[in-house]
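Welcome! Here is a friendly briefing on a protein model, written for someone who is just starting out. Take a look at the structure first, and then read on.

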Amino acid sequence: MANTACFIIVGRNDIPIYEAEVGSVAKREDAAQLHQFILHAALDVVQDLAWTTSAMFLKSVDRFNDLVVSVYVTAGHILFS
Amino acid sequence: MVEPVNSSLGKMLLEEVSPVVMVLCTPLVEETFVKNGLSFVETLKPFCNFSNIDVPVRTSGDQLYRLKKFTLRLFYASDIRQPNIQVAKQRLEHLITQAGEKDFQDLESDPPQIADILSNPESEIAPTWFQHYNKELIRTLSFSDHEAFDHPVACLLVVSSKDEEPINKFVDLFNTNRLPSLLNDGAMDPKILKHYLLVHDNQDATTERTSKVLSEMRSTFGNNECNLLCTNSSKEGNIEHQANPWASFKSDVSADKLGCALTGDDIVEIKDLMQEFASRHVIPYMEQKVRELNQQISATRKGLRNQIKNLWWRKGKDDVPDSTKGSMYTFSSTESQIRILGDYAFMLHDYELALSSYRLISTDYKLDKAWKHYAGVQVASHLCNYVSVEEMMGLAYFISDQSKKEAEYCMENAFSTYMKLGKSGFQNSTRCGLWWAEMLKARDQYKEAASVYFRICGEEPLHAAVMLEQASYCFVLTKPAMLHKYGFHLVLSGDHYKNCDQVNHAIRTYRSAISVYKSTTWSHIKDHVYFHIGQWYAIVGMHEVAVRNMLKVLDCGYQSKATQEIFLRDFFNIVKKTGMKHEVVGLQLPVINMSSLQVIYDDHRTYASQASALVEESIWQSLEDDIIPSLNSGKSNWLELQSKLLPKKYKESNVCVAGESVKVDLEFRNPLLISTSVTSVSLICELTPNSDDLKLVDKEPSSSSLGPESSTEHNQGTTSGFSSFTLSEVDFTLSGGEKKLVRLTVTPSEEGILKIVGVRWELSGSIVGVHHFQSVPAKAKTAKGRKKNKLTPTDALKFLVIKSLPRLEGSMDHLPETLHAGDLRYLVLELKNKSDSPIKNLKMKISHPRFVSPGNNEEELTTEFPDCLKKGDGQTIVQHETNRTSSVFAFPKDISLQGDRSLKWPIWLRAAIPGTISLYFTIYYEMENVSSIMKYRTLRMHYNLQVLPSLEISFGITPSPSRLQEFLVRMDIVNRSKSDYFQIRQLSTVGCRWGISLLQPVDTILPSKSLLAGQALSCFFMIKDCKKSETEEDKTMSLPPSQTDVKLFTQDDDEKLFDIVNSPLASFHESERSCQGASDQVNPNTVDFILISRLAKSSNPSAVPDLPKILSHHSCHNRIRSSNPLSWSLDGPQTIYHDFSTSLCEVKLKMIIRNTCDKLATVSIETNDYLPEAAAPSPSSGNQSGWRYVPTVTEEMKLTSDVMGSRLGKPPSSMESSPPFIWSGLSSTKVPIQPMSTTEIPLQISVFSPGIYNLSSYKLNWELSEHENASSSSSGTCQGYPYHLTVLQSE
């Protein structure tokens, strides 16, 4: 069970607009970049998926080990992952 | 889509799922082939792949088909066993390391562009060694018991003709104890095809013996099964093969030595031998076997009856305890038979048959699995058998291009089952995964392939690394390319490579990842990638590249402090290892804020201080408008001169003077949380000397400059040995996140063109950061307005250096920063000209003449402040009114400054209003004896003052109701300061017209002597108009010109009053007047007051460092306040004795009316003979202003005061109906009164009886008009004042 989470808002051209590490447990020192890597990699999946579904909330679009990526896509394709 | 057979998986299967030939040979045979640098198997290997063998095959059906591609796999008998895992692992590792070394040289180059990667053909995206790796990986699993395709199909027995008793050798070779375990333990049929080969070495064996042995062989083993191979025909052994067939199989030995003893004929012979072996022996043998098995199985298992029987039999078998304990299915078991059938059919490319066999056996296994799930250890091997069949089924589906779904399902099923087996199934699952992935790739399902690769990562880092890297390449190949995933998997793979010390590979993967992440804004990702690749480059000794990469992470302000420290430490370590200074253009540590770039230099404008240089140019320009020679004047001024002297090119550039420094302010920001020390910060400049022919300069300017360090090319001297300019060097430390504005200077010492190119600095002595200014717009502070828009950034940093000129330096002494409002200070302006050439024609302009007044001459310096302001020192300085309005102060013409002499000039400062005040002084001067572009210069000084509030005064002046020339003054003082006490000293009226006198003793005004903070005070004075008017002939003007000052303190009686008529108080008052009354029309009828006070006590001594000695408050244009424009007085006797018995008493009165406003007034007097009830005693204007004029009271008045009071308060009823007096004479008159003039109207009353009468029953109706003919603009009515007339019966 992952006890840490990372929240990122991604704007146009995959530029992160907002970034927040959430989580109670003592973080791994590389948590920040790991999360970024995972979320960044998930963009590929999201970009495919966002056009195929009308749903805005894409639950568990991608995962890496025990970290699951869920994304909320706005109408303007701003991503809240 | 590629045809399955031609896909890489198809090729792989063709190679891997092919008949195995077991080779048994004597040591002498090996010896023969070692001459070629090859073993026997290796020699044959290149000739085992047949691209077009063209053998007709008939398996199950009656249909003949032709085999096209065919492969034989040759192995020594000793190699036909399950390979040792450790050895296999080492081999794999070796392979990877080798590949890494091969790639090494590429690593130094820049990472490839992502577009290049995408445009590459598929085959080039992944490195080629992956194929080998995968092959090797699959090979680690070969020769398992249950996989019949790995069971040897044939056996090749090889004996050299040199061997003793060759026939016996043949027999010995196929001795059971030398055979692989597969054959011995019953996993496969030991009765396999045998082929006998005699090797004849042409170099050292005799043909006779060989032919003898051959015939012997033929008689023993049969004619068909024996062959002769003659090799090494080349005696010298130096044959070089054009396309060496062995090169691709043996990479580690130099290719030219391989097969050096083999002639072309030999090779052809080997080729023929293998072709014959395959087509004549192996294939027919397999064909036959397939047919045999098929028949057998059809008999036992096919058809409904057999199916049911099989079911039943299997159930029954369950009852019997399994006693074999070894492999469950020996070669003779039905299951194995079916498996062999399937595999053989697969190898013979009869996929239909293979599939049907696999399907058959698969159901069997499924049943077995259901019944035998409790069988412990055996479950695993059993499952393996089953899964392997599934796997083969999937492959068969694939290769026969049948149902995609089925193929995938089988592979997935197999794969997941292997995965479930845990560690024991891992290798199998790896192979299965690789095949599956290849299958998916062949179908363009790259994404799925990637996920398969990801799943077979396992725990071993090296293995995982390779698999992840393969996964990443799959992501590139997906349409559209999933670059994010590509990057991520590369990074993951790189980390794994690093974990098992494959640094080269780690760098390679990260390098590719950089091409994805190059332009990303995901900071942590970027830092991670660049930092690690930097570290790794350092590990492999490529420090330069390491530094280059590490530079990218230096701007990592968002990272935690610990991370930043690690980054920096490693970075500096690496830099240190390179052992040289790195010059880095665009170093991000510290960050330079280019918008903060300010260039401050002096051309004709010079600045006294930093602060003055930062003031907006427009302020100075507006200030200097009056004093600098205008452009349009006919005289040749410096601008025209310049344009004549210089080509247009230089007109555009800024001008600076040799020997005077150009200052550049630049803000450095530390992006990190840890403090960083920056050293040797200096500008990079170029100075091109002016040659006589200016056109020469148009060429590429040769840099003739010497910086503080000659390491950079810019600051290198080329022409002369001496430096033509000097640069300042600054060292500073920026703590975490700190911003610092740093001033850098360059001082040119020669004429020429000076260009400021950039800035350089050093970090920890080994990194030199360079920042060039060109690309960024810089705002040159002092760029002239007229060419504001034309200036390019480069121009702003380009200067024309002209010959050195005198430069005036000025400073203001004793200037406090904080003052109280009204504070009067004495300052000294000190001007210096250090150069030898004199300057003249000094002029000064001050932005706030209200605040600052220059003294009159140098002598004033000697007098003591503030006593010099007091009266009676015999000073005869007459108040001067010399055109103050222009606010330009011209120093005396004879002043010329030169050398060390300094000019001191007194300056008076008075803080007129509270607030923050910026004072600007600009001093204009002209150079003498200098024929230069510049004729004049200006010195600009700027000071900021903070003026604290102190006393606030306001005056109310109301006319006295009784005396026309006297006015009552009410002064309200409020101490607005927060904590300071003030003493009021003196109140003066300005000018000779108004005399002032106290109304109450000084002591009673302010008993506490000083005004506390926040305290308000009102006190009253009387002022008297002493002006002699031509129209007036007032008798009350008898007073001598009264004094204009009142002392408001009691102690120090001998202290003299301040002289307000003299400078500076007078001049300040002048400016106050013009400021305060700017909007007002000039009204002569106003009073100006000056209140002089002193700070008694400051509770906060630090706020005002030196106590103000004197404060002056000016209140100007105080108008006499009344609600109507008229003032009048009724003049007449106060007491009359009259004998009423004779006649009524007629009293003559005179009313003097004064028009106090500046308009023409028409006044009509209306008298009433009865008292109006309400309005009786209330003179409207008097009471409102809060004071009552009490006329001097006589004895008589006192006696009658009661009567009067009662009459005023509530008149007796008897009086109501009949007034005690009537107005006689004219009852209504209308008189025009000119502005500011008086007129007299005679009045008369008739009194009928003695008494005290209040003659206030009249009204003045007035009308004001601008001109006589104009319509009335305002009008009003005034009630009469009480005027008490006492009429007594005469005796």
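Two residues are in contact when they have heavy atoms within 4.5 Å of each other. With that rule, among contacts in chain A between residues at least 6 apart in sequence, 37% join residues at least 24 apart. For chain B, among contacts between residues at least 6 apart in sequence, 77% join residues at least 24 apart.

This is a predicted model, in which local features need pLDDT of at least 70 and side-chain atom pairs count only at pLDDT 80 or more, while totals for chains, interfaces and linings use all residues. Residues are numbered from 1 along each chain as its sequence is written, chains are lettered from A and ligands numbered from 1 in the order in which they are written, and side-chain values use heavy atoms, with hydrogens and water left out.

**Chain A**

- Helices (H or I, at least four residues) and strands (E, at least two) are DSSP runs, numbered from the N terminus.
- Chain A has one helix and five strands, and along the sequence they follow the pattern β-β-α-β-β-β.
- The pLDDT, which is the predictor's confidence in each residue from 0 to 100, averages 77 in chain A, and 81% of the residues score at least 70.
- A residue is called buried under 20% relative accessible area, exposed over 50%, and partly exposed in between (1.4 Å probe, protein chains only).
- Of the 81 residues of chain A, 44% count as buried.
- Accessible areas come from the Shrake-Rupley method with a 1.4 Å probe, and for residues only the protein chains shown count as cover.
- Chain A exposes about 4,600 Å², and carbon and sulfur atoms supply 56% of that area.

**Chain B**

- Chain B has 34 helices and 50 strands.
- Of its 1291 residues, 53% are buried.
- Helix 23 (residues 543-550) of chain B has six of its eight residues buried, so it is largely enclosed by the rest of the structure.
- Those buried residues are B:His543, B:Val545, B:Ala546, B:Val547, B:Asn549 and B:Met550.
- The buried residues of helix 23 of chain B pack against helix 21, helix 22 (523-539), helix 24 (561-578), strand 10 (582-585) and strand 20 (767-772) of chain B.

**Nonpolar cores**

- In soluble globular proteins, nonpolar side chains tend to be buried together.
- A nonpolar core is a set of buried Ala, Val, Leu, Ile, Met, Phe, Trp, Tyr and Cys residues joined through side-chain atoms within 4.5 Å.
- The largest such core has 236 residues, and those with the most contacts inside it include B:Phe40, B:Leu72 and B:Met274.
- Helix 11 (residues 264-301) of chain B gives the most to this core, with 13 residues.
- Leaving aside neighbours within four places in sequence, B:Met274 is in contact with B:Leu44, B:Phe47, B:Cys48, B:Phe50, B:Leu72 and B:Leu74.
- There is a second, separate core of 42 residues, and B:Leu808, B:Ala821, B:Leu897 and B:Met941 are among them.

**Aromatic rings**

- Rings of Phe, Tyr and Trp (its six-membered ring) pair if their centres lie within 6.5 Å; planes under 30 degrees apart count as stacked, over 60 as edge-to-face and the rest as tilted.
- By this rule there are 18 aromatic pairs over all chains.
- The ring centres of A:Phe37 and B:Tyr517 are 5.6 Å apart and the planes are at 70°, so the pair is edge-to-face.
- This pair crosses between chains, from helix 1 (residues 31-50) of chain A to helix 21 (residues 503-517) of chain B.
- A:Phe37 is buried, at 3% relative accessibility, and B:Tyr517 is buried, at 1%.
- One aromatic cluster is formed by A:Phe37, A:Phe64, B:Phe454, B:Phe488 and B:Tyr517.

**Backbone angles to look up**

- Most residues other than glycine have a negative phi.
- A:Ser60, in strand 3 (residues 57-64) of chain A, has a positive phi near 50° and is partly exposed, at 41% relative accessibility.
- B:Asp501 has a positive phi of about 65°; B:Asp501 lies in the loop between helix 20 (483-499) and helix 21 of chain B and is exposed, at 62% relative accessibility.
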